[in-house]
Amino acid sequence: MRGNLAQLMQQAQKMQEGMQRAQDELATIEVVGNAGGGMVSVTMTGKMECRKVRIDASALADHEMAEDLIAAAINDAVNKANEVAREKMSAAATGLPLPPGMSLPGFG
């Protein structure tokens with residue numbers, strides 16, 4: 001029984017280290033969200049920090065359209081960043097012995 005507990009603790013430690021590496025990596029990964037066929041683009045890190053917003057001059061002619069395109073580009077970037085984060089965290093959790101049918105919150 002002690003051997004199983006020690007093994008489980010080692011696996012948990014490895015998973016924790018993997019999760020930390022994944023978090024560090026997410027800070028450096030960038031995704032780009034687009035809207036309006038590229039009229040607006042938003043660059044965001046995997047930790048949801050906005051790095052850059054690019055707006056084509058033609059999108060500024062219509063104020064309401066520009067607002068909608070900016071919101072859509074942000075949402076696209078957030079969705080992409082969430083997917084990258086989900087993949088990285090899921091990979092970090094691989095190998096953790098969980099009971100059948102059980103998964104970590106947000107990863108299964």
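This is a predicted model: local features need pLDDT of at least 70, side-chain atom pairs count only at pLDDT 80 or more; totals for chains, interfaces and linings use all residues.
Colleague: Let's start with the strands. What makes E1, E2 and E3 a sheet?

Modeller: Two strands pair if there are at least two bridges between them. Strand E1 (residues 30-35) and E2 are joined by six bridges, and E2 and strand E3 (residues 50-55) by five. Both counts meet the cut-off, so E1 pairs with E2 and E2 pairs with E3. That gives an open sheet of three strands in the order E1-E2-E3, with antiparallel pairing.

Colleague: Which strands are the edge strands, and why?

Modeller: E1 and E3, because each pairs on one side only. On average, neighbouring strands of this sheet are turned by 15 degrees against each other, direction ignored.

Colleague: Which residues face each other across these pairs?

Modeller: Take Met-44 in E2. Val-31 stands opposite Met-44, and in E3 the bridge partner of Met-44 is Cys-50. Another pair is Val-32 with Thr-43 in E2.

Colleague: And what packs on the sheet?

Modeller: Helix H2 does, touching E1, E2 and E3. The direction of H2 makes about 145 degrees with that of E1.

Colleague: What do the turns between the strands look like?

Modeller: E1 and E2 form a hairpin with four residues between them, and Gly-36 in that turn has a positive phi of about 65 degrees. The hairpin of E2 and E3 also has four residues between its strands. There, Met-48 in the turn has a positive phi of about 70 degrees.

Colleague: How do you know that E2 is mostly covered?

Modeller: Six of the six residues of strand E2 (residues 40-45) are buried, and buried means under 20% relative accessible area. In a regular strand the side chains alternate between the two faces of the sheet. For E2, Val-40, Val-42 and Met-44 are on one side, with Ser-41, Thr-43 and Thr-45 on the other, and all are buried. Both faces of E2 are therefore covered.

Colleague: Why is Gly-33 called buried?

Modeller: Its relative accessible area is 0%, and the limit for buried is under 20%, so Gly-33 qualifies. Gly-33 lies in strand E1. Leaving aside neighbours within four places in sequence, Gly-33 is in contact with Val-40, Ser-41, Val-42, Ala-73, Asp-76, Ala-77 and Lys-80. From Gly-33 to Ala-73 there are 40 residues in sequence, with 4.8 Å in space, C-alpha to C-alpha.

Colleague: On to the charges. What makes Lys-88 and Glu-25 a salt bridge?

Modeller: The rule asks for a side-chain nitrogen of Lys or Arg within 4 Å of a carboxyl oxygen of Asp or Glu. For Lys-88 and Glu-25 the N to O distance is 2.6 Å, so the pair counts as a salt bridge. This one links distant parts of the chain: Lys-88 is in helix H2 (residues 63-93) and Glu-25 in helix H1 (residues 2-28), 63 residues apart.

Colleague: Are those two residues buried, exposed, or in between, and why?

Modeller: In between. Partly exposed lies between buried, under 20%, and exposed, over 50%. Lys-88 has 27% and Glu-25 has 36%, so both are partly exposed.

Colleague: How many salt bridges does the whole structure have?

Modeller: Five. Among them is Arg-86 with Glu-83, at 3.3 Å, N to O. Because Arg-86 and Glu-83 are three residues apart in helix H2, about one helical turn separates them. Arg-86 is partly exposed at 39%, and Glu-83 is partly exposed at 35%. Elsewhere, salt bridges that share partners join Glu-30, Glu-49 and Arg-51 into one network.

Colleague: How do you know that Arg-51 and Glu-49 form a salt bridge?

Modeller: Their closest N and O atoms are 3.3 Å apart, and the limit is within 4 Å, so they do. Both fall in the partly exposed range, with Arg-51 at 47% and Glu-49 at 40%.

Terms used. Residues are numbered from 1 along each chain as its sequence is written. Side-chain values use heavy atoms; hydrogens and water are left out. Helices (H or I, at least four residues) and strands (E, at least two) are DSSP runs, numbered from the N terminus. Buried means under 20% relative accessible area, exposed over 50%, partly exposed in between (1.4 Å probe, protein chains only). Axes are lines fitted to C-alpha atoms, for helices over the stretch in contact, and angles run from 0 to 180 degrees between N-to-C directions. Contact means heavy atoms within 4.5 Å.
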